[in-house]
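Please read each one with the structure open beside it.

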Amino acid sequence: MTQVPHHAESTGHDAVLYMALELSAQRWQLAFGLGLATPSRRRTITAGDEAALRREILAATERFGLRPSAPVRSCYEAGRDGFWVHRLLARLAVTNVVVDSASIEVSRRSRRAKTDRLDAEALLRRLIRYWLGERDQWKMVHVPSVEAEDARHLERTLAMLTAERTRSRNRLHGLLATHGIRVRVTPNFGAQLSTLTTPDGGRLPAGVIARMTVSWRLLQTIEHERRTARAAQATEARAATTAA
């Protein structure tokens with residue numbers, strides 16, 4: 001029985017090429033299609049190969065009988081690659097959406113592990129349904145500008161350093177606790193190491209002191225970088241303040 005395409009899946013002059021990307025560190029899986037009633041086209045390219053991506057888009061338009069200037073709509077799941085892929089697609093004049101993986105409902109009978117991603121074929125079907133009007137298919141991730149994204153790094157750096165500071169201090173407290181010692185980690189802690197005594201009046205073993213010395217030096221470096229980051233954050237905040 002011959003399938004009749006939906007009016008929004010026309011293969012005529014106004015047809016749209018849909019493309020879904022499944023991203024990985026080594027390869028990108030691509031799935032192309034015109035609509036839910038037409039067979040898809042699957043291809044694999046090297047991750048980040050812009051020239052290969054351009055060639056495959058052109059080959060897909062020819063394969064489906066579309067004009068070279070036919071609009072292309074794509075999607076991929078948000079992940080480690082962030083938004084540079086979105087900007088790459090924009091340079092190729094592709095209308096792309098970045099999908100929030102957590103917003104995609106998965107059947108209980110085929111529940112995925114949290115680390116698994118929808119394959120390109122499944123993403124393609126959802127992309128087509130999304131553009132046919134089923135906007136509840138998923139939630140899209142807002143793509144910030146390069147400047148806005150870059151501005152977040154100072155705050156994230158400070159958060160990272162604060163977490164590293166806590167881990168380093170806990171490591172020192174943990175090493176001391178294994179020998180029954182309870183002292184505060186103050187700015188003079190390094191000078192106190194050789195004078196610390198255990199509850200029975202003994203000295204800390206040389207190996208423990210050596211390890212704690214290294215941990216203390218790392219903590220000092222983290223503290224310095226943290227102070228620098230906080231000063232930069234304060235400077236940035238003052239620069240952004242208007243007279244109003």
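1. In what order do the elements of the protein chain run from the N terminus on? They run β-β-β-α-β-α-β-α-α-α-α, and the chain has 6 helices and 5 strands. Please keep in mind throughout that this is a predicted model, so that every value below is computed from predicted atoms.

2. Some totals for the protein chain come before the details. Of its 244 residues, 33% count as buried, and the chain exposes about 15200 Å², with carbon and sulfur atoms supplying 51% of that area. Among contacts between residues at least 6 apart in sequence, 57% join residues at least 24 apart.

3. The aromatic rings deserve a careful look, and the count of aromatic pairs comes to 4. One of them is formed by Trp28 and Trp84, whose ring centres lie 5.8 Å from each other with 40 degrees between the planes, an arrangement that counts as tilted. This pair links distant parts of the chain, since Trp28 belongs to strand E2 (residues 27–33) and Trp84 to helix H2 (residues 84–91), 56 residues apart. Are the two partners buried or exposed? Trp28 counts as buried, because its relative accessibility is 0% and the cut-off for buried is under 20%, whereas Trp84 has a relative accessible area of 39% and is partly exposed.

4. A further pair is made by Tyr130 and Trp131, with ring centres 5.5 Å apart. Why is this pair called edge-to-face? The planes stand at 85 degrees, and an angle over 60 degrees counts as edge-to-face, so the pair falls in that class. Tyr130, at 7% relative accessibility, counts as buried, while Trp131 is partly exposed with a relative accessible area of 24%. Ring pairs also bring in Trp138, so that Tyr130, Trp131 and Trp138 are linked into a cluster.

5. Arg73 lies over the face of Trp131, at 4.1 Å from the ring centre. In another such arrangement, the charged end of Arg63 sits over the ring of Phe64, 5.7 Å from the centre of that ring.

6. Side chains of opposite charge can pair when their charged atoms come close. How many salt bridges does a search of the whole structure find? The search finds 8, and among them is the bridge between the side chains of Glu50 and Arg54, with a distance of 3.3 Å from N to O. Glu50 and Arg54 are 4 residues apart in helix H1 (residues 50–63), which means that about one helical turn separates them. Both are partly exposed, Glu50 at 27% relative accessibility and Arg54 with a relative accessible area of 46%.

7. Glu50 has another partner, for Arg91 forms a salt bridge with Glu50 in which the closest N and O atoms are 3.1 Å apart. Here the bridge links distant parts of the chain, with Arg91 in helix H2 and Glu50 in helix H1, 41 residues apart. Arg91 is exposed, because its relative accessible area is 55% and the cut-off for exposed is over 50%. Taken together, Glu50, Arg54 and Arg91 are linked in a network of salt bridges.

8. Arg167 is partly exposed at a relative accessible area of 45%, and Glu164 is partly exposed at 29%.

9. Last, I would ask you to look at a loop residue. Where is the place of Thr198? Thr198 is in the loop between helix H5 (189–192) and helix H6 (206–240), and, at 14% relative accessibility, Thr198 counts as buried. A polar contact of 2.3 Å joins the side chains of Thr198 and Asp200. Leaving aside residues up to four places away in sequence, Thr198 touches His179, Ile181, Arg203 and Leu204.

Key: Residues are numbered from 1 along each chain as its sequence is written. This is a predicted model: local features need pLDDT of at least 70, side-chain atom pairs count only at pLDDT 80 or more; totals for chains, interfaces and linings use all residues. Side-chain values use heavy atoms; hydrogens and water are left out. Rings of Phe, Tyr and Trp (its six-membered ring) pair if their centres lie within 6.5 Å; planes under 30 degrees apart count as stacked, over 60 as edge-to-face and the rest as tilted. Helices (H or I, at least four residues) and strands (E, at least two) are DSSP runs, numbered from the N terminus. Buried means under 20% relative accessible area, exposed over 50%, partly exposed in between (1.4 Å probe, protein chains only). A charge sits over a ring if NZ of Lys or CZ of Arg is within 6 Å of the ring centre and within 35 degrees of the ring normal. A salt bridge is a side-chain nitrogen of Lys or Arg within 4 Å of a carboxyl oxygen of Asp or Glu. Contact means heavy atoms within 4.5 Å. Accessible areas come from the Shrake-Rupley method with a 1.4 Å probe; for residues, only the protein chains shown count as cover. A polar contact is a pair of N or O atoms within 3.5 Å; within protein, one must be able to donate a hydrogen and the other to accept it, and residues adjacent in sequence count only if both atoms are side-chain atoms.
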